[in-house]
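Me: I've got a structure open and I'd like to learn how to read it. Could you start with how helices sit against each other?

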Amino acid sequence: MNGIELSFREGFGEERPRSLTSAVQERLRADILSTRLLPGQKLHIAGLAKQFSVSLAAVREALSRLVADGLVQASDQRGFRVSPVSLADLADVTQTRIDIEGLALRRSIERGDAAWLAAVEAAWEALKAVPYRYPDQPGVHYEEWVVRHRVFHRALVNACGSRWLLGFRDELHEQSERYRRLSIRRGRPRDVEAEHAAIVEAVRRRDADAAVIALSKHFTVTMEFVELAAPRISEVNGTN
């Protein structure tokens, strides 16, 4: 294994990427979703190629794939930039996510068996076992919480029986991730565990209406926290 492969393996865990282009795409996706690359930030192909020790073509292909995913924007005159965020887009993403994920949750409650419910319980317990924020950095997510949070929300809808519905749901979750990261930067207290507990309690009762209402409130609270951070959104958009 050469030095390039080692560096990418270290960046992405034990699973070896399929190609250098895929490795660059995965690294950039992670940096965009975590807001290490800020909304509106310009993405210099030559600089990224040097950073990752890959060809210009590999970076260009990785960025083109992220354009298709809606995380990067391309312009003939201005090159590539991280897709900007806005309150209008946030409202659209949130409402669409409520519609799609709410439907998937309702179907899962109707169709899910004991194994599905056990998986939800396990994901919920795993999520509660780690902190929401770093104790010394209240505006930064504890990274393991982010991973377990994704698993928890996916477990809730895994029994819906539709790969198309799950696919749309996953895309919306990814699009909302940057907004959630921006919301925590506000640093204000939020009882996320209570929000999740309300969803789980309704799922345990097989009360689809209550579960969807709790899920909708959960997503709406995130939107409200981002709205409070609106000056931060204005600040980060258009960063060079």
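Reply: The angles run from 0 to 180 degrees between N-to-C directions, with axes as lines fitted to C-alpha atoms, for helices over the stretch in contact. Helices here are DSSP runs of H or I with at least four residues, and strands are runs of E with at least two, numbered from the N terminus. This is a predicted model, where local features need pLDDT of at least 70, side-chain atom pairs count only at pLDDT 80 or more, and totals for chains, interfaces and linings use all residues. Residues are numbered from 1 along each chain as its sequence is written, and side-chain values use heavy atoms, leaving out hydrogens and water.

Me: At what angle do α6 and α7 cross?

Reply: Roughly 160 degrees, with their axes coming within 9 Å. α6 and α7 are therefore roughly antiparallel to each other.

Me: Which residues of α6 and α7 meet?

Reply: Contact means heavy atoms within 4.5 Å. In α6, Trp116 and Trp124 are among those that meet α7 residues, which include Trp145 and Phe152.

Me: And the sheet: in what order do the strands come?

Reply: Two strands pair if DSSP finds at least two bridges between them. The order is β1-β3-β2, in an open sheet with antiparallel pairing. β1 (42-43) and β2 (72-75) are at the edges with a single partner strand each, so one side of each has no neighbour in the sheet. Four bridges join β2 to β3 (residues 79-82), and Val72 has Val82 as its bridge partner in β3.

Definitions and conventions
Angles under 35 degrees count as roughly parallel, over 145 as roughly antiparallel, 65 to 115 as roughly perpendicular and the rest as oblique.
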